[in-house]
Amino acid sequence: MKFLGLLSTSRVALALSVLHANLVLAANSFAGSNLYYAAGLSGSERATLLSGMQSAGMKVLRVWLDGESTATTKATTITTYPDLEPVTVGTYNDTVLDLLDDFMLDSYNYGIKLLISMHSWNALSRPGIYGQWYGTDDFYEQAQPQEEFDNRLVHVLNHVHSTLGTPWKTMGQYIFGFEAENEAMIGNGQQYIVDHQSWQCDRAATIKGQLGDNSGILVLTGGEWLAQLAQAADKMLLFEEWGSCYFNTSNNDCPTGTPLDASTRNTNIETWASQITAAGMPWLYWEILPNADPHYSYDYEIGIGDPAWSTLEAAAQAALQAPAAFDYSQYLL
Ligand SMILES: *[C@@H]1O[C@H](CO)[C@@H](O)[C@H](O)[C@H]1NC(C)=O
Ligand SMILES: *[C@@H]1O[C@H](CO)[C@@H](O)[C@H](O)[C@H]1NC(C)=O
């Protein structure tokens, strides 16, 4: 995956997301994690991941809908699944939604809700079907792809859970929030994001129109937002992605390098997590794996049982005990 939106320190990658709800004070923080291929996990991998997260007191797992296979994971063997719109815009293959139906029953039992990212810049720029048809500018600028993408959002929000029989948009017990796209516009640059804020607002309006006023489900931007604007608009904030590099590489460039010794990395994790928590910001780590980290490609991951796991676990537990600038309590299990 790709990261931008940087804290003022090296070896940390952050993506900031904005929630559409009011700012309040004096509630506790929380932590969680990301796993872009969570839908493909086997039952035993799920149990490993979710029980580990639960023991860390983590409350939210952010998941994706773009097709994945074992070739694109971090050494996790997964069930391959296709893109939601694999061949044609508007023709859906619901495999990923059905897999997540099952996943969310499990995660609920571990006290963890899903944050569902309904598309990603990564898929757009791969290019997936929207990228093939429209490219990475027209997708955000033209009326037709916006209407078609809104149809996708409506499709997901109205997906009927395969065993419970209820549409996702009513399943706030299982679902923390929805966002239209992970890292929307990220590759088009900061000015482009500033100039096309209406894309975010329009997509949020589509999602909110489906959710109604009492769903208990949040609407997020999926990163790439600007903290001052968010504060001015009285929105809640969440660090959706941050990770501590396994290597000693600087400037958030973490695909290769010399491994840090374990105690140095642990100190980094502890320091940065506690700084984010002290700033009053809940956070989701990038990423926790159900298997040992293979140290493959961009390497911010921590496998459950890896040398850094107990440090991350303690940092997440600390978040749960710390005050936050925003009250998410009604959205968490
Ligand atoms: C959806 O994807 C699954 C998994 O790849 C495949 O088996 C199935 O045939 C697809 N369904 C349709 C309608 O194309
Ligand atoms: C990483 O460690 C290697 C080996 O000690 C060293 O040569 C290199 O300068 C370090 N890189 C950074 C960015 O600190």
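In which loop is the place of Glu-287? Glu-287 sits in the loop between β9 (283–285) and β10 (288–289). The model described here is predicted. In this model, a cis peptide bond joins Trp-286 and Glu-287. The omega angle of that bond is about -20°.

A cis peptide bond is also found between Arg-126 and Pro-127. Here omega is about 0°. Pro-127 belongs to a loop between two helices, α3 (121–125) and α4 (129–141). Backbone geometry also calls for a remark at His-295. Phi of His-295 is near 55°. This is a positive value in a residue other than glycine. His-295 is placed in the loop that runs between β10 and β11 (302–303).

Helix packing was examined next. Two packed helices are described by the angle between their axes and the distance between the axes. Helix α1 covers residues 43–55, and helix α2 covers residues 95–109. Their axes come within 10 Å. The crossing angle is roughly 35°. The crossing of α1 and α2 is right-handed. From α1, the contact involves Arg-46, Leu-49, Leu-50 and Gln-54. From α2, it involves Leu-99, Asp-102, Phe-103, Asp-106, Ser-107 and Asn-109. By class, the residues of this contact are four nonpolar, three polar and three charged.

A second pair is formed by helix α5 (residues 143–157) and helix α7 (residues 197–211). The axes of α5 and α7 come within 10 Å and cross at roughly 35°. α5 and α7 make a right-handed crossing. On the α5 side, the contact residues are Gln-146, Phe-149, Asp-150, Leu-153, Val-154 and Leu-157. On the α7 side, they are Trp-199, Asp-202, Arg-203, Thr-206, Ile-207, Gln-210 and Leu-211. What is the make-up of the contact of α5 with α7 in nonpolar, polar and charged residues? Seven residues are nonpolar, three are polar and three are charged.

The surroundings of ligand 1 complete the description. Pro-82, Asn-93 and Thr-95 surround ligand 1. Asn-93 places a polar side-chain atom 2.3 Å from an oxygen atom of the ligand. For Thr-95, a polar side-chain atom lies 3.3 Å from an oxygen atom of ligand 1. How much of the accessible area of ligand 1 does the protein cover? On its own, ligand 1 has 360 Å² of accessible area, and the protein covers 27% of it.

Definitions and conventions:
Residues numbered from 1 in each chain as written. Chains lettered and ligands numbered in written order. Predicted model: local features only at pLDDT ≥ 70, side-chain atom pairs only at ≥ 80, totals over all residues. Heavy atoms only, no water. Axes fitted to C-alpha atoms, helices over the stretch in contact; angles between N-to-C directions. Helix = DSSP H or I, 4+ residues; strand = E, 2+ residues; numbered from the N terminus. Left-handed = near helix turned anticlockwise from the far one by under 90°. Contact = heavy atoms within 4.5 Å. Nonpolar A, V, L, I, M, F, W, Y, C, P; charged D, E, K, R; others polar. Near = heavy atom within 4 Å. Polar contact = N/O pair within 3.5 Å; in protein donor to acceptor, adjacent residues only side chain to side chain. Areas by Shrake-Rupley, 256 points an atom, 1.4 Å probe, with all protein chains shown as cover.
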